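Morning, everyone. Please look at the screen.

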Amino acid sequence: MILATRRLKLRPLTPDDAPFILELLNQPSWIENIGDRGVRTLDDAVAYIRNGPMASYERHGFGLWCAERSADGTPIGICGILKRDYLDDPDIGFAFLERYQGQGYGMEAAEGTMAHAREALHLARVAAVVSPANAGSIRILEKLGMGYLRPILLPGDTEEIALYGPPTCDGP
């Protein structure tokens, strides 16, 4: 386990999480706000976990973690810190199954993750990238004390998204 909050435990993702990841990455809100990752089978989900989160753990010592309810161990989302080659600072990322959105889990996981980033990972600054239409995620980022910095075009994308961060986080 990486960290615990009042209602959640965040832990590393493993190939055993493939059914959960398959569902998460194919829900309409993920595709609309984050993008279609082409994960259509359990094998695709295992590859996503191995090549994304698990590779990040190995390379950086952090990544996206599985957020599961403490009460019953049900995986309900992901939250963690990423280090993307095209951003100067690490960034927070999070997404939850639609049936668990709007219940405060995203904020709870994000607050715990930011505390972990400061206290355990010793990260001075953490940014975020978000679709300008993703009001729910933007609310969470603003509650974390982040503000809009500027538009940014990610490699391979054709539409700009928003870079958020603390006032001293300038990004690229």
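Let's start with helix α4. Of its 15 residues, 12 are buried, so the rest of the structure largely encloses this helix. Keep in mind that this is a predicted model.

Which residues of α4 are buried? Y105, G106, M107, E108, A109 and A110 are among them.

Now a quick length check. Helix α4 runs over residues 105-119. At 1.5 Å a residue, its 15 residues should span 21 Å. The end C-alpha atoms are 21 Å apart, which agrees.

Next, strand β4. I81 sits there. Buried or exposed? I81 is buried, because its relative accessible area is 0%, and the cut-off for buried is under 20%. Beyond its close sequence neighbours, within four places, I81 contacts T113 and A117, among others. Its contacts also include F62, W65, P90 and L121. I81 and H116 are 35 residues apart along the chain, yet their C-alpha atoms are separated by 9.6 Å.

Last one: G80. G80 also belongs to strand β4. Its relative accessible area is 0%, so G80 is buried. Setting aside residues up to four places away, G80 touches G63, L64, W65, D91, I92, G93 and T113. From G80 to I21 is 59 residues in sequence and 15 Å in space, C-alpha to C-alpha.

Note on methods:
Residues numbered from 1 in each chain as written. Predicted model: local features only at pLDDT ≥ 70, side-chain atom pairs only at ≥ 80, totals over all residues. Heavy atoms only, no water. Helix = DSSP H or I, 4+ residues; strand = E, 2+ residues; numbered from the N terminus. Expected span 1.5 Å × (residues − 1). Buried < 20%, exposed > 50% of the residue type's maximum accessible area, 1.4 Å probe, protein only. Contact = heavy atoms within 4.5 Å.
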